[in-house]
Amino acid sequence: MSALARFESFMENMVEGSVARLFRSPIQPAEIAKRLERAMETQQTISVRRVIVPNFYRAFLNPQDFTAFQPIRAEMEREMATYLADLAQERGFAMLEHPRVELSADAGVGRHTIQVVAETSSAPATPAADHTQVFQPAQAQPGQSRTRLLLNTPAGRHVIPLESTQLTVGRGLNNDIILEDTRVSRHHAQLRYRARRFWINDMGSTNGTFVNGEQIEEKALRDGDTISLGGLELTFKES
């Protein structure tokens with residue numbers, strides 16, 4: 001049975017009185033579930049090894065539409081979270097935490113309309129330093145750029161193409177290159193292409209940025225340079 005079929009089966013087995021009232025609403029539970037699914041599909045972070053999707057979803061309804069869901073709101077939120085977890089597993093997606101869903105009323109939302117906001121939040125447990133995870137920006141297309149960073153981890157060598165003239169590197173999820181490693185700051189360093197070369201500059205990181213063993217604030221990179229972000233080493237390659 002698919003994730004959506006399991007969710008619909010749950011709704012059919014809810015308390016009869018609540019369901020009868022609910023299904024008179026112009027918005028059906030399956031419609032909300034499909035909007036959550038769409039948010040999951042459109043807000044992905046592409047990883048070297050996996051695809052990360054949001055784990056916190058908020059669905060906003062007009063107050064008049066929201067009223068119909070009040071009797072079973074808590075059960076629906078829990079079941080929709082389970083639906084999203086099952087859906088992610090079916091499609092091979094990963095979440096940093098078990099998903100959470102909130103249904104809310106918002107007077108700014110029109111009648112018979114559903115607005116969804118999806119976010120990715122960091123998991124409470126921080127990966128150990130010897131289990132570095134690498135995430136690349138969704139627009140990156142491996143193989144199209146000769147300039148790249150090489151990173152060796154226990155899982156193997158990762159190639160990170162540098163396909164933009166400006167890239168931020170760090171542990172935070174809003175970076176262009178995300179390195180989930182305890183030694184790396186949330187916003188650790190920035191790579192910029194100017195004067196026909198890539199330059200790296202430190203962004204006030206806790207553990208510092210080093211090139212070939214020398215701590216730097218800013219430095220032009222050359223083929224084969226070793227970059228250390230707080231002890232996590234990458235190799236800069238141009239050929």
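1. Contact here means heavy atoms within 4.5 Å. The structure is a predicted model, in which local features need pLDDT of at least 70, side-chain atom pairs count only at pLDDT 80 or more, and totals for chains, interfaces and linings use all residues. Residues are numbered from 1 along each chain as its sequence is written, and side-chain values use heavy atoms, with hydrogens and water left out.

2. Confidence. The pLDDT, the predictor's confidence in each residue from 0 to 100, averages 81 over the chain, and 76% of the residues score at least 70. Helices (H or I, at least four residues) and strands (E, at least two) are DSSP runs, numbered from the N terminus. Confidence is lowest in helix 2 (residues 16–22), at a mean of 47, and highest in strand 14, at 97. Over residues 15–20 the pLDDT stays under 50, and the model has 4 contacts beyond four places in sequence for this stretch. Residues 137–144 also have a pLDDT below 50, with 11 contacts in the model beyond near neighbours in sequence.

3. Overall composition. The chain holds 5 helices and 18 strands. Of its 239 residues, 46% are buried, a term that stands for under 20% relative accessible area, against over 50% for exposed and in between for partly exposed (1.4 Å probe, protein chains only). Among contacts with a separation of 6 or more, 61% are between residues 24 or more positions apart. The accessible surface comes to about 12000 Å², and carbon and sulfur atoms account for 45% of that area; such areas come from the Shrake-Rupley method with a 1.4 Å probe, and for residues only the protein chains shown count as cover.

4. Helix 5. This helix covers residues 73–91, has 19 residues and reaches 27 Å from its first C-alpha to its last, close to the 27 Å expected at 1.5 Å a residue. The expected span is 1.5 Å times one less than the number of residues. After the helix comes Gly-92, which has a positive phi, near 75 degrees.

5. Nonpolar cores. A nonpolar core is a set of buried Ala, Val, Leu, Ile, Met, Phe, Trp, Tyr and Cys residues joined through side-chain atoms within 4.5 Å. The largest has 29 residues, and Ile-32, Leu-36, Met-40, Tyr-57 and Leu-84 have the most contacts inside it. Two or more residues each come from helix 3 (29–42), strand 3 (56–61), helix 5, strand 5 (100–105) and strand 6 (114–119). Helix 5 gives the largest share, 7 residues. A second, separate core has 21 residues, among them Ile-177, Val-184, Ile-200 and Leu-232.

6. Leu-84 and Met-95. Which residues does Leu-84 touch, not counting those up to four places away in sequence? They are Leu-36, Glu-37, Met-40, Tyr-57, Met-95, Pro-99 and Val-101. Met-95 lies in the loop between strand 4 (93–94) and strand 5, and it counts as buried because its relative accessibility is 18%. The C-alpha atoms of Met-95 and Leu-84 are separated by 9.9 Å, with the two residues 11 apart along the chain. Beyond four places in sequence, the contacts of Met-95 include Met-40, Tyr-57 and Ala-88.

7. Ser-205 and His-188. Ser-205 is in the loop between strand 13 (197–202) and strand 14; at 12% relative accessibility, this serine is therefore buried. Its C-alpha atom is separated by 4.9 Å from that of His-188, a residue 17 places away along the chain. The side chains of Ser-205 and His-188 make a polar contact (3.3 Å), defined as a pair of N or O atoms within 3.5 Å; within protein, one must be able to donate a hydrogen and the other to accept it, and residues adjacent in sequence count only if both atoms are side-chain atoms. The Ser-205 side chain also reaches the backbone nitrogen of Gly-208 at 3.0 Å.

8. Thr-209. This residue is found in strand 14 (residues 209–211) and is buried, at 0% relative accessibility. A polar contact of 2.6 Å joins its side chain to that of Asp-202. Beyond four places in sequence, Thr-209 is in contact with residues including His-188, Ile-200, Gln-215 and Leu-229.

9. Thr-147. The loop between strand 7 (133–135) and strand 8 (148–153) holds Thr-147, which is buried at 16% relative accessibility. With neighbours within four places in sequence left aside, its contacts are Pro-161, Leu-162, Phe-198, Phe-236, Lys-237 and Glu-238.
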